[in-house]
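Hi there,

Here is the model I promised to pass on to you. Please have a look at it first, and then read my notes below.

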Amino acid sequence: MAPGSSVKDVAESRRASAAERRPRPARPETDRLKKELAAIDAKIDGLRKQQDDIRQELGKSDPRKGPHVDRRNKIVSRLQAIHTDQNKLRKTRGDVFDKQAALTTSISKKAGDLKAQQAKLTYKSTGEIDELIGKHQKRIDDGGLKLVEERRLEDKITALRRAKRHVEQAETLQAAIDGEMAELAEIDAQLADTNAQALSDEYAELQGELDALKAKQDEGGSMRGTLLTERSRIMRELDQVWDEKRAMQEEFRKQSNDYFMWQQEERERKAVEEKQRRVREQRERRLEMAQEQREEAEVPAFQAEIDGCDALLVYLRGMAPSSIGGASSRSESSTRPPSVASSIRDADTATDHVPAGMVAVKKVDSDEPYFAGVNGGKARKRHGRNKDRKPGSRAEALKHPLSIAERFLELQINIPTTSAAILAAIEQLDARKRHFIENQDRATLENKQKAEERIAKLMAELEVDEKIAEEA
C-alpha cells in the first residue's frame with residue numbers, strides 16, 4: 001500500500017462531498033407563521049359570524065313559520081268548501097259546469113305555457129323579427145362583407161327565424177286563450193242567475209288573497225334564496241381559507257423537515273470529515289513514526305558506544321604515565337576520529353549520581369568536582385600530600401568528573417580509581433571498541449530489519465483502522 005494513496009483518496013472524497021453538498025435551506029420562521037395563522041384564524045372567525053347571522057335570517061324566513069300561515073290555512077279551507085259547493089251545483093247542471101271547468105283548466109294551462117314561452121322570448125312580435133332578418137339579409141346581398149362577418153350574420157338570421165317560430169307559437173297560443181275566454185264568458189253569463197256566480201266570485205276573491213300571500217312568500221323565498229346564495233358563498237370562502245391554512249401549515253412542515261434533514265446531513269458530513277481528519281492525522285503520525293524509525297535505523301549501530309570509548313581512551317591516556325600514554329597514543333593516532341575530543345561532556349557539578357566508593361572533591365585551583373576512590377569508606381582528601389606520592393602506588397587515588405564516571409558505567413567498564421588501574425581500563429576499552437566495530441554492520445542490518453518489521457506492522461494496523469473507519 002502506497003503511503004500517500006489513502007491521503008489522496010481522503011482528499012478526493014472531501015472534494016466530492018463538498019461538490020455534492022446542497023445549499024443551506026431557509027430556516028422556517030415560526031413567528032411569521034404564527035402571525036399569518038392568527039390573521040387566517042381571525043378571518044375564519046369573521047366568516048363564521050356571518051354564517052351564524054345568515055342562519056338566523058334563514059330561520060326567520062322559513063315559509064312554514066310566520067304571521068300569514070294561519071290566514072293562508074283558513075283561505076285554503078274556504079276554497080275547498082267552495083269547491084265542494086260548486087261540485088253540488090255541477091251535478092245539477094253538470095254539462096255546463098264541466099265545460100266551464102274544462103275551459104278554466106285549459107285557459108289556466110295555456111296561460112302558464114304562454115307565460116313560460118314569453119319569458120324565453122327576446123322579441124315581442126314577428127314584425128320586429130322580420131325587420132331584423134331583412135336588414136341582415138340586405139347586408140349579405142350587398143356583398144361588401146367578409147366571409148366571417150357573412151357567416152356570423154347568417155347565424156343571426158337562423159337564430160331570428162327560430163325566435164320567429166317561437167313568437168308565432170306564442171301568438172297562436174294567445175289567440176287560443178282569447179277564444180276560450182270568450183266562450184267562458186258566455187257560460188258565466190248563463191250561470192249569472194244562480195249562486196254559482198257568487199261562489200265563483202268568492203272563490204276568485206279568496207284565490208286573489210291567496211295569491212297575494214303566496215307573492216309575499218315568494219318574496220320571502222327570493223330573499224331566502226339570496227341568503228342561501230350568500231351562505232354558499234361564505235362556505236366556499238371558508239373552505240378556501242381553511243385550504244390556505246392547511247397549505248401554509250403543510251409548507252411550514254415541509255420547510256421544517258427540509259431544514260431538519262439538512263441539519264442531519266450537515267452533522268453526518270461533519271462527522272465523516274472529522275473521522276477522515278482523524279484517519280488522516282493518524283496516518284500522518286504513523287508515517288512520521290515510520291520515517292523516524294527508518295532514519296534511526298540508518299544510523300550505524302554502536303556509534304555512540306564507539307565514540308564513548310574513543311572519548312574515554314583520550315581521557316585515560318591523558319592521565320596515564322608517559323610511557324603508557326605515548327605508546328597508546330601512537331597506536332590510536334591513526335584510527336581516532338578528529339571529533340572524539342569534542343564528544344566528552346562537560347563536567348557535571350551535581351553529586352546526585354556519585355558512584356559507590358567515590359567522593360566528590362574539588363581541585364585547589366578549580367571548582368569542577370572530581371571523584372576519588374576512598375580507603376575503607378573514608379573520604380579524607382588532602383591536596384598537599386598527593387604531590388609526593390609515586391605514580392602507581394595503591395594509595396594514589398584518581399579523581400574523575402561525574403560525566404566520565406557515567407561513561408564508564410554506561411560501557412560497563414570498571415572505573416580506574418588508581419593510576420595502576422588505568423592500563424587495565426584502557427585494554428578493556430580497546431576490547432570493547434573492537435567488539436562494537438566488529439558487530440557494527442551486523443547490528444545495523446538487524447536494526448534496519450527490525451525497523452522495517454515494525455513499520456510493516458504499523459502500516460498493517462493503519463490499514464485495519466482505516467477499513468474499520470470506512471465501515472463505521
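First, the ground rules. This is a predicted model, in which local features need pLDDT of at least 70 and side-chain atom pairs count only at pLDDT 80 or more, while totals for chains, interfaces and linings use all residues. Residues are numbered from 1 along each chain as its sequence is written, and side-chain values use heavy atoms, with hydrogens and water left out.

Let me start with α8 (residues 303-319) and α10 (residues 402-410), whose axes come within 10 Å and cross at roughly 130°. Helices here are DSSP runs of H or I with at least four residues, numbered from the N terminus. The axes are lines fitted to C-alpha atoms over the stretch in contact, with angles from 0 to 180 degrees between N-to-C directions. The two helices, α8 and α10, are therefore oblique to each other (under 35 degrees would be roughly parallel, over 145 roughly antiparallel, 65 to 115 roughly perpendicular, and the rest is oblique).

From α8, Asp307, Gly308, Ala311, Leu312, Tyr315 and Leu316 meet Ile404, Arg407 and Phe408 of α10, where contact means heavy atoms within 4.5 Å. By class, the residues of this α8 and α10 contact are six nonpolar, one polar and two charged (nonpolar is Ala, Val, Leu, Ile, Met, Phe, Trp, Tyr, Cys and Pro; charged is Asp, Glu, Lys and Arg; the others, Gly among them, are polar).

The largest nonpolar core has 19 residues, and Leu312, Leu316, Phe408, Leu411, Ile422 and Leu429 touch the most other members. Such a core is a set of buried Ala, Val, Leu, Ile, Met, Phe, Trp, Tyr and Cys residues joined through side-chain atoms within 4.5 Å; buried means under 20% relative accessible area, exposed over 50%, and partly exposed in between, with a 1.4 Å probe and protein chains only. At least two residues of this core come from each of α8, α10 and α11, and α8 gives the most, with six. Apart from it lies another core of 13 residues, including Ile44 and Ile234.

Phe302, in the loop between α7 (196-298) and α8, has a positive phi of about 60° although it is not a glycine. Phe302 is partly exposed, at 24% relative accessible area. Gln412, in the loop between α10 and α11 (422-438), has a positive phi near 60° and is exposed at 64% relative accessibility.
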